[in-house]
Amino acid sequence: MTERFPEHFTGNFTQQEPIPDEGIAAALEVLQSGRLHRYNLVGDAPGEVSLLEQEFAAQMGAKYCLAVASGGYALACALRALGVGPGDRVLTNAFTLAPVPGAITSVGAEPVFVGVTEDLVIDLEDLAAKAGRADVLMLSHMRGHICDMDRLMEICDAAGIRVIEDCAHTMGAKWRGTWSGRHGVMACYSTQTYKHANSGEGGLLISDDDALMARAIMLSGSYMLYERHLARPPVEAFEAVKYVTPNISGRMDHLRAAILRPQLRDLDQQVARWNALYRVVEDGLRGTPGLTVVERPEAESYVGSSIQFLLLDWGEGQVEEVLRRCAARGVELKWFGGAEPVAFTSRYDSWRYAAAERMPESDRVLAGIVDMRLPLTFTEADCALIARIIRSEVGAVYQGG
């Protein structure tokens, strides 16, 4: 039974912080100029987009960066740059969101789903078993959980698998001190509103490979203006691809780049703030009967912009009752175990355009995953209250109340 007058959370789980004043001023300057298109420049002015690419490449320790219209576009662009096309197979996570299998099928390829563990990372034993079925892995660091990247790369290197990292949820995270996105041949980031930098929509693609990035820049719609990019390969890298690479326009504009640049400069501070909120919720949930906290490995420097916990082996009705009771007290939880996708949640069998073999062990994990955003508009006191509410309602349902 819950208390007679239960605590209630009144915050908003979709409310982001305002754009920094520096970003607003830069955006206003772009608007006043009327020059929003990335190649609409005056003289030798580099423009906001090229500066963003140069700065993010340096921040991530990458040679090259390309700014594009969305994280999903970055994923599909990376696949095309690697030459993935109709009839090919691409390994990817069973626990991910729709843009990942969507990007794979958008180029005519077929996703091959790899299982998920109770740590919410890709199942490396399942990956090793399926390694011979494709030569590309689109690895989703879903909800910010990073697997043992050393072991993953051993498996992929031995099998000749090229890795594209989907870092939509791990911008600013590291594995053993290496930035997320610096293990594979290409990495994709999102700057959609609910990610770690907010331009409404947007994406960033990084690589150290001259040929791959030259193709990506041509694919993005550079026409023959690639020399205007600051974070690009040498112009010689474009000679072999510039006439045979289709233009699939997906450029970022100066307005979004202007908004993003000051946010990315503050990324380390934002990560620290997210992690402080995360730890408050994590500590408040630990020890709740029937609830499993997902423990983070020491090798992982994560970004706690959302938190997940497991209600393993609970009945569907019980999980739905927890969600209902928490929602009645102002706490919005998402569940990845539902038979039908809801909002941003989905399972590997939700995408009927992609054939999927059943994975009973992964199904058990997915049926227990509960997810919650932690926007930076929350305070640590808010997070302590949220944890008390979740703990109370999980306990009540678990005990049959």
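Begin by selecting strand β6 (residues 174-175), which pairs with β11 in the antiparallel sense over two bridges; strands are DSSP runs of E of at least two residues and helices runs of H or I of at least four, numbered from the N terminus, and pairing requires at least two DSSP bridges. The model is predicted: local features need pLDDT of at least 70, side-chain atom pairs count only at pLDDT 80 or more, and totals for chains, interfaces and linings use all residues. Residues are numbered from 1 along each chain as its sequence is written, and side-chain values use heavy atoms, without hydrogens or water.

Within this pairing, Lys174 stands opposite Ser301 of β11.

Continue to Tyr302, where the charged end of Arg296 sits over the ring, 4.4 Å from its centre (Arg CZ or Lys NZ within 6 Å of the centre and within 35 degrees of the normal). Arg373 likewise lies over the face of Tyr194, at 3.8 Å from the ring centre.

Next, select Phe9 and Phe378, both buried (under 20% relative accessible area, 1.4 Å probe, protein chains only). Ring pairs link Phe9, Phe13 and Phe378 into a cluster (Phe, Tyr or six-membered Trp rings with centres within 6.5 Å; under 30 degrees stacked, over 60 edge-to-face, the rest tilted).

Finish at helix α3 (residues 71-81), largely enclosed by the rest of the structure because nine of its eleven residues are buried. Among them are Tyr73, Leu75 and Cys77. Gly83, which follows α3, has a positive phi near 85°.

Note on methods
Buried < 20%, exposed > 50% of the residue type's maximum accessible area, 1.4 Å probe, protein only.
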